[in-house]
Number of protein chains: 2
Amino acid sequence: MFEVAELGRTLDKEAYEQLEMELRLGLLQAQQGLRSCPFPVVVVFAGVDGAGKSETTNLLARWMDSRYVPVQAYGTHSDEERERPEFWRYWRDLPRNGRIGIFLSSWYSRPVLDWVQGRSDDLAFRRDLERIEAFERMLVEDGALVLKFWMHLSKDKQRKRLEKLESSKLESWRVRPEQWRNWEQYERFMAAAEETIRRTSTGQAPWHIVEGANRRYREATVATRLRDAMQLRLHEHERRLRTFTPAPVERRRMLEDAEVSPEPQANSQSVLHTLDQTRKHDKKSYKKALKHEHARLAKLTRQAREQGRSSVLVFEGWDAAGKGGAIKRLTDVLDARDYRVHPIAAPTEEERMHHYLWRFWRRIERAGKTTIFDRSWYGRVLVERVEGFASEETWRRAYAEIRHFEEQLVDHGTVFAKFWLHITPEEQLQRFQARERTPHKQWKLTDEDWRNRERWADYESAVDAMVERTSTREAPWTLVPANNKYDARLMVVRTFADRLEQALD
Amino acid sequence: MFEVAELGRTLDKEAYEQLEMELRLGLLQAQQGLRSCPFPVVVVFAGVDGAGKSETTNLLARWMDSRYVPVQAYGTHSDEERERPEFWRYWRDLPRNGRIGIFLSSWYSRPVLDWVQGRSDDLAFRRDLERIEAFERMLVEDGALVLKFWMHLSKDKQRKRLEKLESSKLESWRVRPEQWRNWEQYERFMAAAEETIRRTSTGQAPWHIVEGANRRYREATVATRLRDAMQLRLHEHERRLRTFTPAPVERRRMLEDAEVSPEPQANSQSVLHTLDQTRKHDKKSYKKALKHEHARLAKLTRQAREQGRSSVLVFEGWDAAGKGGAIKRLTDVLDARDYRVHPIAAPTEEERMHHYLWRFWRRIERAGKTTIFDRSWYGRVLVERVEGFASEETWRRAYAEIRHFEEQLVDHGTVFAKFWLHITPEEQLQRFQARERTPHKQWKLTDEDWRNRERWADYESAVDAMVERTSTREAPWTLVPANNKYDARLMVVRTFADRLEQALD
């Protein structure tokens, strides 16, 4: 794979100087053009030590407006990072729309080193690469331009390069003992590199293998590719603004996606109709049962805190289905210092400038805490789908993105549950009317609630598709019959307690 | 003031090239040395447009390891920033210990522009500058090396420079119409600059005025000063490590500080002894009164949310004084989505790498939310002082830092209250013993509680000093007699409701 990157290509000084002005202008213009575009540029540098990752990064920052080209380099995880899923720190640093972010090794570093140094086997390595592939696909499909440069050196050239760096006053600090240890494992690194590139070089986030031996050659190569990719994307964006047609790339992907199976049409077949709404508890038996579950939950959540186990709970459901009441019955027994409830409404300006999952990632809490989402990332496949706020292509790919996100939470050891609180349309009507009659509840009922009600059938289809596509073994939906509030609240409390019980030692 | 920066100094190419290697090496070594030091370097660039702020920034990033020299440039405030005190975004970006952060204009930009463009009067401008001075002093006293460069050009030179930039293909994007508008107001800018430099050039965070007309001269000047300042600081740090004596600068400041008045000695005179601990409510009258206050609070907090008014509440007090119970009586009537309780224990690794107020700043919530601190930044002048975790110099200056922090909250419109829950030593003993006897409460009592109890008198002195020095008109302490839990809880709920009532329209 790397033979073409060992051809010994160079660029002479004159040719480089001729190119330089053109490249700098092109990069600057592209950076300026990007500023008003609704997508970011993510540039990843990885590869052999000494092949010029840092120097090329410096060059790009220098040739562009460096104030807006942040470079992200990562060391070992801090305690705050270790207590969250691995990708949390990368999400934290993703550039906002209109900006460029440069990532040094970043999400490739741990998987490659783990495999090379024998801390992970082939299967674990493949799984890591699949996660990376899914992560980058998510960025790309959200519009991000993702460019990845693999800086290559032959083993011999690497040795020479490290020796040269060591002998340079200005550069010797770049060579630490670990660089030499890595060099000794050169062949194993190359095997890891091949596997990495093969598995993560996708049509939309391809790797560019760059011969790193000659400074001028590698700088010109990287700068040219970055400039060209940015300019191409800017042209596409402009054209799309003029014509309003979906880009061919997106359209193609949409058709290819196995998930585009026909939607269930007949609402009478909806999964929601299978729920048993018969009343199981009256006030008295509910109070007794709740007391029992509360005692369980109090004990379990204290244990979870002691063991550093986090929980994430998601509440979705019809308006007036009783989400708030159910959440209250949970938080009643939690220590106020241990949980947080996030009501999810319209995103802030800062949030709108990022991938839509960014605002959920940033809310993930540290070890031992419970994070409760009152409405959630499912908005994309519910309200945004039904109201047309998201394009079909966008909400369709959200299913996989969401599965992927939740899988990372579960893999990290987070106790996870998601609830759909279901009431029948008749029950909802009664609750709306009751709210209208009760002065201190009127503020809870808005015109929007009535409008949503009119689109019941559309929402029902959306819920059906959501459950079908996002109820996985690791992160199953709990569908809660909620016509009777008592039954619904009990089921929520009991389900969370059960999950905790399973998860704790 | 700026005459010396209009002398037309230049540096010829040869001299510059001779200097360059030496400067780069020096900067690199200083950066490497800094990495293991327990303080950050904050570099601020401000000054005349076109005088080379950005270019010099680029140069520094290039000469050092640019991965660890983040450059912070700021545009208009985002919605998330507007909903918090002005300095929140700067705190967010402060470099951690061992790192360098470069700030372009940053906290100087808004005050200067407001005054130049007539949006603020002399008094408001002076107040802005005082706030900056206090902010930088806080950083310096925490150990940060703060360097500020004012890049200067004469009016005529600025015009020429802007024209030259405009005519350069690679640089023309730097000149926007606002740069020319600013140029027309050159004299007013210079008046603002003089005032700014005069008021914020302190012994420990002085301004360096740099003649910006000649690229080589200004680059060499800035790089030399930065290198020298870093090397000097590194030497000082090393020497201190060897000798364990407080730095002379700190010692001097300590003696000069007007706040170092003698401590109150006689504990019988403590402010806490003036509190009336007579029981005012029994269970029945408490329940009735609480119901009334809860109804008030529920209404007021809803209004606060609607008006986007945030609240910050601080709870301090003896172990077993009932902080948790009092907080619970507040949160009982708050919407779980609107508040957050932060228990303050040991800082995380990330937090330890910053100024100790950083971890409180990052927890300040958006508009309409209530943030409750269960213990707080007062730890510095209480437990850290008494247990000797903070040096005397450190906790002494915390009084002013805290006043300053709280003042910013209040100025921003935040409803603020801080409570000291006071019980007598006899009452505490009874509560400890009751905890020992009750199985499900035993976990609340630790050896540390007993140890703290032995230092009651020291803590009492610390509380006295704390109240004396941080109970200001804008942010007064509420001292709560808490021997009777009912009275204490009622007082807390009522005080918060009263504060909200005063604040809301």
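Predicted model: local features only at pLDDT ≥ 70, side-chain atom pairs only at ≥ 80, totals over all residues.
**Entry 1: H7 and H8 in chain B**

I started with the helix pair H7(B) and H8(B), where B:Lys155, B:Gln158, B:Arg159, B:Leu162, B:Glu163 and B:Glu166 on the H7(B) side touch B:Gln179, B:Trp180, B:Trp183 and B:Glu184 on the H8(B) side. Sorted by class, that contact holds five charged, three nonpolar and two polar residues.

Next I looked up the geometry. H7 of chain B covers residues 155-167 and H8 of chain B covers 177-184; I find an angle of about 165° between them and 11 Å between their axes. Angles over 145 degrees count as roughly antiparallel, so H7(B) gets that label relative to H8(B). The crossing of H7(B) past H8(B) is left-handed.

**Entry 2: H12 and H21 in chain B**

I stayed in chain B and moved on to H12 (residues 283-306) and H21 (residues 485-503). Their axes lie 9 Å apart, at an angle of about 25°. Anything under 35 degrees counts as roughly parallel, and therefore I put H12(B) and H21(B) down as roughly parallel to each other. I logged the crossing of H12(B) past H21(B) as left-handed.

Which residues meet here? From H12(B) I noted, among others, B:Tyr286, B:Leu290, B:Leu297 and B:Leu300, and from H21(B) the list includes B:Leu490, B:Val493, B:Phe496 and B:Leu500. The class tally for the contact of H12(B) with H21(B) is twelve nonpolar, seven charged and two polar residues.

**Entry 3: H5 and H6 in chain A**

Over to chain A. I checked H5 (109-116) against H6 (122-141) and got an angle of about 170°, with 10 Å between the axes. That is why I call H5(A) roughly antiparallel to H6(A). On H5(A), the residues in contact are A:Arg110, A:Pro111, A:Val112 and A:Trp115; they meet A:Asp122, A:Phe125, A:Asp128 and A:Ile132 on H6(A). By class I have five nonpolar and three charged residues in the contact of H5(A) with H6(A), and no polar ones.

**Entry 4: A:His77**

Where does A:His77 sit? I found A:His77 in the chain A loop that runs between strand S2 (71-73) and helix H3 (79-82). With neighbours within four places in sequence set aside, the contacts of A:His77 are A:Arg82, A:Glu86 and A:Arg89. I also picked up a polar contact, side chain to side chain, between A:His77 and A:Arg89 at 3.4 Å.

**Entry 5: domains of chain A**

Chain A has domain 1 at 13-242 and domain 2 at 264-504. Taken over C-alpha atoms, the centres of domain 1 and domain 2 of chain A are 39 Å apart. How many residues are in contact between domain 1 and domain 2 of chain A? I have 21 residues from domain 1 in contact with 20 from domain 2.

How values were computed: Residues numbered from 1 in each chain as written. Chains lettered and ligands numbered in written order. Heavy atoms only, no water. Helix = DSSP H or I, 4+ residues; strand = E, 2+ residues; numbered from the N terminus. Polar contact = N/O pair within 3.5 Å; in protein donor to acceptor, adjacent residues only side chain to side chain. Contact = heavy atoms within 4.5 Å. Axes fitted to C-alpha atoms, helices over the stretch in contact; angles between N-to-C directions. Parallel < 35°, antiparallel > 145°, perpendicular 65-115°, else oblique. Left-handed = near helix turned anticlockwise from the far one by under 90°. Nonpolar A, V, L, I, M, F, W, Y, C, P; charged D, E, K, R; others polar. Domains from an automatic or database assignment.
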